[in-house]
Amino acid sequence: MYWLSHRPNRKRARRKVENRRLPRKGREQKAPLHILDVQTFSTRELQIKRAAQFRTILLCTALFLSIVALISTTRILLNKYVFENPELTISQLEVRSDGVLSTQEIVRLAQIGKGDSMLSVNLAQVRENLTRHPQIKNVEIEREFPGTLRIAVKERFGIAWLSCDFPFVKPPPERQSPAIYILLDEEGIPFVCESLMREYANLPVVHVSRLQELVPGKRLDNRQIQVALELLYTSRQALYDLNLEILAIHAPNPYSIVAKYNNQSNVVFGLSDLRRQVANLRAATLHAQSMDQAIGSINLL
């Protein structure tokens with residue numbers, strides 16, 4: 001008897017394997033491309049858009065032409081009724097000066113004249129034109145309608161002559177070619193002497209050997225000259241009753257100045273504490289006069 005084994009007819013369930021490719025390590029799948037969103041217009045829409053653009057351009061052009069016409073009309077009216085109006089032109093020009101500059105010279109420097117419009121005159125520019133001259137210290141300008149323009153000029157006054165070896169500058173009557181004389185005002189500002197007035201004949205002389213820069217109208221950056229001018233003022237105030245006046249001041253070295261007085265005495269001053277030194281000179285002079293003597297030279301350092 002044969003034992004028959006029963007083998008059921010079972011079919012194995014097979015998985016359906018898809019043909020799928022896995023990405024390798026380090027690689028990523030590419031993102032899908034974007035699709036352009038193209039918007040199309042019909043012929044009617046294009047015509048409407050172009051018409052709107054044309055109207056905008058036309059409106060801007062009309063506005064620009066209107067502004068140009070308005071500006072031109074305003075300028076014509078201003079020229080006719082304001083700037084060219086005979087009642088608003090300079091009919092009277094009053095010039096006052098406390099110095100030696102003539103009225104014609106001041107008017108020439110100001111670059112204005114009769115017949116110019118009162119409103120077109122730039123007062124700041126006129127003031128700048130005048131103060132550019134080294135001898136003019138300050139300017140006041142005033143407009144008075146209908147047609148008067150007033151100019152008041154304050155000039156610099158020299159208190160000493162400048163003498164220098166370099167650049168070569170000598171005071172009168174020492175001649176040079178060309179004969180140019182330089183004056184110093186109380187602030188140490190040099191300016192060219194335009195006219196040899198009588199008041200300038202007896203001015204003291206300040207002499208230095210060398211100047212780094214000499215520009216008329218610009219303050220000298222020299223310590224010895226500034227001290228010399230201060231000494232002129234201090235000595236005049238303290239020794240006026242003794243009839244002592246400085247004839248000349250020179251600087252022999254960087255730390256002192258030597259003043260020559262009208263009594264032929266030579267006095268050496270330091271560059272600081274001038275009031276104390278002048279007071280000492282006054283005391284020494286009074287002592288010498290009490291003994292019926294005169295000081296030949298004295299060192300106040």
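Modeller: Two strands are said to pair if DSSP finds at least two bridges between them. With that rule in hand, strand 10 and strand 11 of this predicted model pair in the parallel sense over three bridges, and N266 has S297 as its bridge partner in strand 11. On its other pairing, strand 10 is joined to strand 9 by five bridges, and these two strands run antiparallel; here I257 has F269 of strand 10 as its bridge partner. The hairpin of strand 9 and strand 10 has four residues between the strands, and in it Q264 takes a positive phi near 70 degrees. Strand 10 is itself mostly covered, with four of its five residues buried.

Strand 9 (residues 256–261) also pairs with strand 8 (residues 246–253), in the antiparallel sense and over five bridges, and in this pairing H250 stands opposite V258. These strands belong to an open sheet of eight strands, whose order is 6-5-4-7-8-9-10-11 and whose pairing is mixed. Its edges are strand 6 (190–192) and strand 11 (297–299), each of which pairs on one side only. On average, and with direction ignored, neighbouring strands of this sheet are turned by 30 degrees against each other. As a general point, strands of a sheet pair through backbone hydrogen bonds, either parallel or antiparallel.

Two helices lie across these strands. Helix 4 (residues 223–238) lies across strand 4 (160–166), strand 5 (182–184), strand 7 (205–210), strand 8, strand 9 and strand 10 (266–270), and runs at about 150 degrees to strand 8. Helix 5 (residues 274–290) lies across strand 9, strand 10 and strand 11, running at about 155 degrees to strand 10.

The packing can be followed through the largest nonpolar core, which has 32 residues, and of these I225, L231, I249, I257, Y261 and F269 touch the most other members. Strand 4, strand 5, strand 7, helix 4, strand 8, strand 9, strand 10 and helix 5 each give two or more residues to this core, and helix 4 supplies its largest share, six residues. In soluble globular proteins, nonpolar side chains tend to be buried together. A second, separate core of 19 residues includes L93, V95, V107 and V139.

Leaving aside its neighbours within four places in sequence, Y261 is in contact with S235, L239, L244, E245, I246, L247, V267, F269 and L281. Y261 is also one of the residues that line the largest cavity, together with L244, N263, S265, V267, L281, T285 and I295. That cavity holds about 40 Å³ of space, and the count of cavities of 30 Å³ or more comes to one.

D221 and G188 are 33 residues apart in sequence, while their C-alpha atoms are 8.6 Å apart in space.

Key: Residues numbered from 1 in each chain as written. Predicted model: local features only at pLDDT ≥ 70, side-chain atom pairs only at ≥ 80, totals over all residues. Heavy atoms only, no water. Axes fitted to C-alpha atoms, helices over the stretch in contact; angles between N-to-C directions. Contact = heavy atoms within 4.5 Å. Core = buried A, V, L, I, M, F, W, Y, C linked by side-chain atoms within 4.5 Å. Buried < 20%, exposed > 50% of the residue type's maximum accessible area, 1.4 Å probe, protein only. 1 Å grid on protein atoms, 1.4 Å probe; cavity = no way out; pocket = protein on both sides within 12 Å on 5 of 7 lines; lining within 4 Å. Points joined across faces, edges and corners; volume = space filled by probe spheres on them.
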